[in-house]
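This report describes the architecture of one protein model, beginning with a single helix and widening to the sheets and the core. The sequence and the structure are shown first.

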Amino acid sequence: MKLREVIKLSSIMLNIDEVLNGDKIYDESYDLIDEKSINTSNSVEERNLNLLVKCFNLVYTELATDYFPLITMETIKIENGSFNLNNLSNIFYKIVKIECNDNLVDKFDIYDNILYLKNGEYKIVYAYTPVKVSLNSELNTFNGKISDRVFAYGLNKEYCFISGLYSEAESYRTKFEECLKSASVLKHSIKLPKRRWN
């Protein structure tokens, strides 16, 4: 699923006519890459699209840091007693575990994204935040847990807060959080009532 599909759905829910009646959201060749040119644009459609993309990126990061962590593993080499976590393949958020020769390492320090540990090779398992997305970006659906509707509720929540529509923002926040609770419930733990045929 691409971000532009979520933004179309959000624009329908929020009734943002400038986006729905414009041509940019339907033009697959159009993307928002350079924020400076958009911010100085006189087009209400482009400014709305830019704001919707920014709101989505806030929600995308919120999902990864507060609800469904994105976890990966990398092998790193510590030299001179430290490793800059900014050099990892993804945007570092927090350590899950560190292993050396299949043994768990429990003594290490992190200050200002610098990992301090004795020299050697380590497997580091860490949570990361997703990179910012643009209109044509494919979205990570957090292992299929987040649908376009849930993304749209989160986007709408941020958009309404920023626009000063506080009661609408609260309504979307409630819908968003209820969907996240449902998404976090393990499907096999749901017990359906047994039917009795008499």
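How many of the 15 residues of helix 5 are buried? The model is a predicted one, and in this model eleven of the 15 residues of helix 5 are buried, so the helix is largely enclosed by the rest of the structure.

Helix 5 covers residues 148-162. Its buried residues are V150, F151, A152, Y153, G154, L155, N156, K157, E158, Y159 and C160. The elements that cover these buried residues include helix 1, helix 4 and helix 6. The length of helix 5 can be checked against expectation: at 1.5 Å a residue, its 15 residues should span 21 Å, and the end C-alpha atoms are 21 Å apart, which agrees. After helix 5 comes G164, which has a positive phi near 80°.

F151 is in contact with M1, V6, F56, Y60, L63, L139, N140, T141, F142 and I146, leaving aside its neighbours within four places in sequence. K157, also located in helix 5, has a relative accessible area of 6%; because buried means under 20%, K157 counts as buried. With neighbours within four places in sequence left aside, the contacts of K157 are E62, A169, Y172, R173 and F176. K157 and R173 are 16 residues apart in sequence, and their C-alpha atoms are 5.4 Å apart in space.

Is E62 buried or exposed? E62 is buried, because its relative accessibility of 17% lies under the 20% limit. When residues up to four places away in sequence are not counted, E62 touches Y67, K157, E158 and F176.

In soluble globular proteins, nonpolar side chains tend to be buried together. The largest nonpolar core of this model has 53 residues, and those with the most contacts inside it are I7, F56, L63, I124, F142 and F151. At least two residues of this core are supplied by each of helix 1 (3-14), helix 4, strand 1 (70-78), strand 3 (91-100), strand 7 (120-129), helix 5 and helix 6 (166-184). Helix 4 provides the largest share of the core, nine residues.

Which order do the strands take in the open sheet of four strands? The order is 1-7-3-4, with antiparallel pairing. Strand 1 and strand 4 are the edge strands, each pairing on one side only. From one strand to the next, the twist averages 35°.

Within this sheet, strand 3 pairs with strand 7 in the antiparallel sense over seven bridges. Strand 3 also pairs with strand 4 (residues 103-105), again in the antiparallel sense, over three bridges. The hairpin of strand 3 and strand 4 has two residues between the strands, and N101 in this hairpin takes a positive phi near 55°.

A further open sheet contains three strands in the order 2-6-5, with antiparallel pairing. Its edge strands are strand 2 (82-84) and strand 5 (109-111), each of which pairs on one side only. Neighbouring strands of this sheet are turned by 25° against each other on average, direction ignored. Strand 2 and strand 6 (residues 114-116) are paired in the antiparallel sense over three bridges.

| Residue | Bridge partner | Strand of the partner |
|---|---|---|
| E99 | K123 | strand 7 |
| K97 | V125 | strand 7 |
| I98 | V105 | strand 4 |
| S82 | Y116 | strand 6 |

**The protein as a whole**

The protein has six helices and seven strands. From the N terminus on, its elements run α-α-α-α-β-β-β-β-β-β-β-α-α. Of the 198 residues in the protein, 41% are buried. Among contacts between residues at least 6 apart in sequence, 72% join residues at least 24 apart.

Conventions:
Residues are numbered from 1 along each chain as its sequence is written. This is a predicted model: local features need pLDDT of at least 70, side-chain atom pairs count only at pLDDT 80 or more; totals for chains, interfaces and linings use all residues. Side-chain values use heavy atoms; hydrogens and water are left out. Two strands pair if DSSP finds at least two bridges between them. Axes are lines fitted to C-alpha atoms, for helices over the stretch in contact, and angles run from 0 to 180 degrees between N-to-C directions. Buried means under 20% relative accessible area, exposed over 50%, partly exposed in between (1.4 Å probe, protein chains only). Contact means heavy atoms within 4.5 Å. A nonpolar core is a set of buried Ala, Val, Leu, Ile, Met, Phe, Trp, Tyr and Cys residues joined through side-chain atoms within 4.5 Å. The expected span of a helix is 1.5 Å times one less than its number of residues.
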